[in-house]
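Open the model in your viewer and keep the selection panel at hand. The tour moves from one selection to the next.

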Amino acid sequence: MPPSPQSTTCPYCGVGCGVKAVVNNRQMTVTGDETHPANQGRLCSKGTALGNTFSLEGRLLEPRIRRNGQFETATWDETLETAAAKFAQVIADHGPDAVAFYVSGQLLTEDYYAVNKLAKGYIGTANVDTNSRLCMSSAVAAHKQAFGADLVPGTYDDLTEADMLVFSGHNAAWTHPVLYRRIETRDNQFRVCIDPKRTDTAKAADLHLMIKPQTDVRLWNGLCAHLIARDALDHDFIDQHTEGYSRLMAALSADDQSLDAIAEDCGISVTDLKTFYDAFLHTPKVVSLFSMGSNQSSQGVHKGLALINAHLLSGKIGKPGAAPFSITGQPNAMGGREVGGLANMLAAHMDFDEASKSLVQRYWGSPTIAPKAGLKAVDMFEAVRLGKIKAIWIMATNPMVSMPDTNKIHEALTNCELVVVSDVFARTDTMNMAHIQLPAAAWGEKDGTVTNSERVISRQRNLVPLPGSVRPDWAIVSEVARRMNPDWVSAFNWAGPDEVFAEHAGLTAFENDGKRFLDLGGLTGMSKAEYDALQPVRWPFKKGGLPGDRLFADGQFNTPNGRARLVPPIVRSPANQTTDDFPFHLNSARVRDHWHTLTRTALAPELNRHLTEPLLDIHPEDARRLHIKDGRLAVVTTAYGEAILKARVTDDVREGSLHIPMHWTKQFAPFGRSNQLINPAVDPISGQPEFKHTPANVRAYNEAWHGFVMTPRDFDGELPTWSDDTIWRRATHAHADCFEFAGIAPVDMSGIEACQTLDDVTTGLTRRVRVEDGRLTRVVFVAPIHKKLPPRDWLLERFGDAELEAAHRAALLIGRLPGMQDKGRIICACRSVGEIAINAAIDDGAKTVEDIGDITTAGTSCGSCKGELKQCLLKRVITKEPVHA
Ligand SMILES: Nc1nc2c(c(=O)[nH]1)N[C@H]1C(S)=C(S)[C@@H](COP(=O)(O)OP(=O)(O)OC[C@H]3O[C@@H](n4cnc5c(=O)[nH]c(N)nc54)[C@H](O)[C@@H]3O)O[C@H]1N2
Ligand SMILES: Nc1nc2c(c(=O)[nH]1)N[C@H]1C(S)=C(S)[C@@H](COP(=O)(O)OP(=O)(O)OC[C@H]3O[C@@H](n4cnc5c(=O)[nH]c(N)nc54)[C@H](O)[C@@H]3O)O[C@H]1N2
Ligand code: SF4
Ligand SMILES: [Mo]
């Protein structure tokens, strides 16, 4: 009998889609869970590919300790003893604040709860911060200021209920694809995108405000001023449910709020600005989504407040289809905030006031309680670098890639006495820095809960036996806690995640009496079976009450007097401004098919096809002036570091702006890493880094030759001897890895053993292939930069042939069969349909995205590529431009 599907939740974005998985011996097929309220059966390209990232390739399966520069496998006993003893020693010698935990919105709530309890209640330090600092902390701070607690008012139903949607610094089409598919089901909805880049979301919007970078506060303050000037206020709501109106009004009137002045400051047309303001004024049901373009800024908190103010002034909150809506990035960004995973929060939405500290300490029965807020991520790593923090434990995050100014992070971890890293993979840029590597149970293996962007708690379930010696994160933390102090054993003696969850839910309800909106009392007292069978449920959920819905429906906020606060946001410039040396604004963001630091999505061949390497977007005017050519390498420099990556010349970015993706790592593109470039400036209130703006410069690299090497997958052997100026990047395909490279000095091929060689002196083309036992095991092609290389697909596929056919073998050095066509850039990842087939379909008469789907099957699975299919239609119809292979 085939195994029956089990239900769980996708481990990627904060949409929190339900997944049905059928697993057989670690072979997994997934479909969307039709009963899950978040996705109702849909999945995006990343969710659809989950089965292809579920093998054990690259996994860390045993604990390892670094000795004399080498990682050696060790027993759990030895590893845990070593970690616990060292932590205890550092605390004894230097006090609790000499240790730190840097955790992640990809931990489960139970994992998070265990770490938070250990640090704040037992060790007595609040040096527990999370990558949510890089992600949500500005929204958290804005929520706390405006609503009195970190509360997201709306639900996903509000997004389709609204007559107008604003995407503020949010590329939903790529980053929350399933939500975006839901939105698309709604007709007659006016969509506005506020983004200095022309993203897929911007292209599909009715109005794109391509603002100058970092001018959001001016834009939203202007809207508030116009609401006031045109008396489009909800006076009753303001009188009964808010405070601070006159202060806000006074602050706004200090600036010139004419349409002309605002449009000029924001770099957009007066007509577009007026269209936005008029639409907001005349539409009662508006949802404004805000995300990283808003949060990741040295004025991220004020950006959030300015947007929230517009909703409060017009009473567009707490009603169907009306809300300011901070959308979360990671699968459990919300759960982490609920347990208190941020260094400036204690636990369960409580702060470090005396009453809260006493409450939490009594609930835990703990020996101590962290006296004050701990260090936020950027400050935490700086304290490590300065030797103030001597031991750090990093869990489920890859700060060597994702923190700003990563050269400093490298320095910090190099200097640190003890770096413990828990991850699921053996080799990540951060794992490589560890003294102790802890093998964590991965998605599909671990068991617990996550909370998505609309406050819905869902179960992630264990679907397979734990491979090797891996353990769930909460269990590893508990083991270390128990070994640190025998008196702590009973506090960390949970038998399973159900017991951890019960304790967490209990704390949210403890002495609550309606004081804190976060209340999971209705989820206390579950049996293990009930916890295992838990269906998606939204908080607040009081004991004896019903699961939650939209917040603030009664106009009551979580402040002491129940009123929302109108806080005046200040219009400012970014912390670091452009200069003559660094005249460009450098922006960084996500791509459609990759997840963060590539550890998982890079394993799925279909997810590597949409974009095989990091690209630098630059405006045609800037490119022309600086002699930077499309498809050639460019060097980006900032005051912090340098990166070299392929330029894409496009007016999707503003003149004077550069854009790079955040994802690539030392493992995949050592020269194309974004965060060596990123300035460490943070928002002064939230501590969130300004990832979206760093002053930068750019120039052409002027490479003389280019080439590629193909090797069997997960290759760990010798490559050609590259000179210091060789720039390479790697992509994983079904049967092979492909290294693209380019440089200035010619490559030395003498080390490459080949069985077929073709050196063409007239063209300068060098080709080598190696076949062993009938199988293709190596391909190297090198050419001067002005010579084209063959498309890669056909050669890559040959690595999958158990025995090469004679005709194929003969064609290896040509790189393709005679007359064969390449697929071009892959647009539809699920069905592996390339640009060339799509353009052919359009030439054959396809008029709509659906027509293209009928002819090519593109866009008929998850739909994540529909926006791009629409772009192909537009582009092809207008220009009939030839497509390059
Ligand atoms: N495919 C994919 N999806 C993901 C993720 C992933 O890695 N890959 N990660 C998840 C996570 S953790 C997160 S946090 C979310 C993030 O989701 P998003 O917030 O949509 O992510 P980004 O692409 O980083 O940034 C959004 C936009 O902000 C714009 N921006 C830059 N500067 C400004 C500015 O000054 N003002 C405004 N208004 N906009 C600006 C950028 O141009 C960019 O288009 O995505 C989640 N979903
Ligand atoms: N330039 C730039 N930088 C950015 C951003 C940006 O927009 N621009 N965005 C920022 C944002 S919003 C975010 S959220 C961060 C994300 O940045 P990171 O958190 O560093 O990125 P991930 O690749 O998701 O890292 C998760 C790590 O946990 C591992 N892992 C997966 N599952 C588990 C598990 O169950 N247990 C354990 N122990 N490990 C596990 C993965 O293998 C991986 O190494 O990046 C930030 N950095
Ligand atoms: S939208 Fe995609 S990545 Fe996000 S939870 Fe759903 S399937 Fe996963
Ligand atoms: Mo994030």
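Start inside: the largest cavity has a volume of about 750 Å³. The model is a predicted one. Select Gln106, Ala396, Trp595, His596 and Arg600; of the 48 lining residues, these are the closest to the centre of the largest cavity. Widen the view, and the structure holds 7 cavities of 30 Å³ or more.

Next stop: an open site. The second largest pocket has a volume of about 430 Å³. Select His349, Met350, Asp353, Ser356 and Arg516, the closest to its centre among the 19 residues that line the second largest pocket. Which helix gives the most to this lining? Show helix 17 (residues 354-364): helix 17 supplies 4 residues. Colour by class again: the lining of the second largest pocket has 8 charged, 6 nonpolar and 5 polar residues. Then colour by domain. Domain 2 (64-135 + 332-494) and domain 3 (137-326) each contribute at least three residues to the lining of this pocket.

Last stop: a helix pair. Select helix 27 (residues 835-843) and helix 28 (residues 849-856). Their axes come within 9 Å and cross at roughly 115 degrees. Helix 27 is therefore roughly perpendicular to helix 28. Right-handed or left-handed? The crossing of helix 27 and helix 28 is right-handed.

Notes: Residues are numbered from 1 along each chain as its sequence is written. Chains are lettered from A and ligands numbered from 1 in the order in which they are written. This is a predicted model: local features need pLDDT of at least 70, side-chain atom pairs count only at pLDDT 80 or more; totals for chains, interfaces and linings use all residues. Side-chain values use heavy atoms; hydrogens and water are left out. On a 1 Å grid over the protein atoms alone, a cavity is a set of points where a 1.4 Å probe fits but cannot get out, and a pocket is an open set with protein on both sides within 12 Å along at least five of seven lines; lining residues have an atom within 4 Å of a point. Grid points are joined across faces, edges and corners, and a volume is the space filled by probe spheres set on the points. Helices (H or I, at least four residues) and strands (E, at least two) are DSSP runs, numbered from the N terminus. Ala, Val, Leu, Ile, Met, Phe, Trp, Tyr, Cys and Pro count as nonpolar, Asp, Glu, Lys and Arg as charged, and the others, Gly among them, as polar. Domain bounds come from an automatic or database domain assignment. Axes are lines fitted to C-alpha atoms, for helices over the stretch in contact, and angles run from 0 to 180 degrees between N-to-C directions. Angles under 35 degrees count as roughly parallel, over 145 as roughly antiparallel, 65 to 115 as roughly perpendicular and the rest as oblique. A crossing is left-handed if the near helix is turned anticlockwise from the far one by less than a right angle, and right-handed if clockwise.
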